[in-house]
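Hi there,

Here is the structure I promised to send you. Have a look at it first, and then read on for what turned up.

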Amino acid sequence: MRAHLDRVERHNAEALNRACGLILDTVTGGGLLYLGGSGHSLGMVLEGFFRAGGLACVYPLYRPEISPLHGAWPATQAERRSGMAAPVLEAAAPRRGDLVMIFSNSGANPYPVELAMAAKSYGLPVIAVASGPSMEIAPARAGVKLGEVADLVLDTLAPPGDVSHPPDAPRTAALSSLSSVYLWNLLLACMSDRAELPLWVSANVPGGDERNAELLARYSERVPVLRTSVMG
C-alpha cells in the first residue's frame, strides 16, 4: 500500500500541479469548492468538509439516497439511477468562479457523471478523482464516463475490484479511498505552500473556536449546512 501511494504521487505529478492551480484560483477568488460523490466515495466529501486543517470554502454535495448509511443496496441502486444529481447541484446555487470536484472509483454510474455534466452546464470546471483502470473496464451506465466529462482527472490507479491484498489473490485492502485521501492532502499541502488559505482549526486547541467563528461568519451564508442540520 505504501508503494502504491508513491506510485500515485509520481503518476499524478503534473495533474496535481494543475489541480492545485485551479482550486487555488477558486479559493483566492472567493469561490466555493463543491465536493461530490456517492456510495463509499461520500467518505471523501466528509473528509473535505469542516475538519481541522481543511478548507472552509467547501460545499458538500449530498442527498440521503446515495449514502449506504441510509440503506446500503438502495444507495447502489440510487447512484445508478439517472436524474439524481442535477437537483443536488441546483439546490447548492453555484456561481461562476466556483469549482466542482467529484470522487468516484469507477466513474461509470449516472450520479457522478451527471453531477459533472450539471457542473459543466453552469460553466464550472470539474476535477475528477477516479481510478483509470476501473473506469476503463466499467460499464458506461450514463453513456459516457466521468473522465470524459471532467476537465482534469487525478488517477487513484486503484485496480478493478479495488482490492490489493494478498498480492497473489487480492480480496481486501481497498486502495481507492486511501489514494483519494492522499491526493486530497497533497493538494492541500501544495496550495498552502502557495497562498494563505481559509483553514479550519481544531476546536480543541487554544484560539480554535475564535478562528472557526470567523470562517463560519464568512462562509455560512453560501454553505448553510455549516450552521443548520438540513442540507439543500
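This is a predicted model: local features need pLDDT of at least 70, side-chain atom pairs count only at pLDDT 80 or more; totals for chains, interfaces and linings use all residues.

Let's start with the overall picture. The chain contains 10 helices and five strands. Its radius of gyration is 17 Å, close to the 17 Å that the globule rule gives for 232 residues, so the chain is as compact as a globular protein of that length. If you follow the C-alpha trace along its principal axes, it spans about 50 × 40 × 30 Å.

Of the 232 residues, 49% count as buried. As for contacts between residues at least 6 apart in sequence, 74% of them join residues at least 24 apart.

Now zoom in on helix H1, which covers residues 2-11. Which of its residues are buried? They are His-4, Leu-5 and Val-8. Viewed down the axis of H1, these buried residues fall within an arc of 100 degrees, so they line one face of the helix. That set of buried residues packs against strand S5 (152-155) and helix H9 (176-194). On the other side of H1, you will find Arg-2, Ala-3 and Arg-10 exposed.

Enjoy exploring it!

Best wishes

Notes. Residues are numbered from 1 along each chain as its sequence is written. Side-chain values use heavy atoms; hydrogens and water are left out. Helices (H or I, at least four residues) and strands (E, at least two) are DSSP runs, numbered from the N terminus. The radius of gyration is taken over C-alpha atoms; the globule rule is 2.2 Å times the number of residues to the power 0.38. Buried means under 20% relative accessible area, exposed over 50%, partly exposed in between (1.4 Å probe, protein chains only). Contact means heavy atoms within 4.5 Å. The arc is that of the directions from the helix axis to the C-beta atoms.
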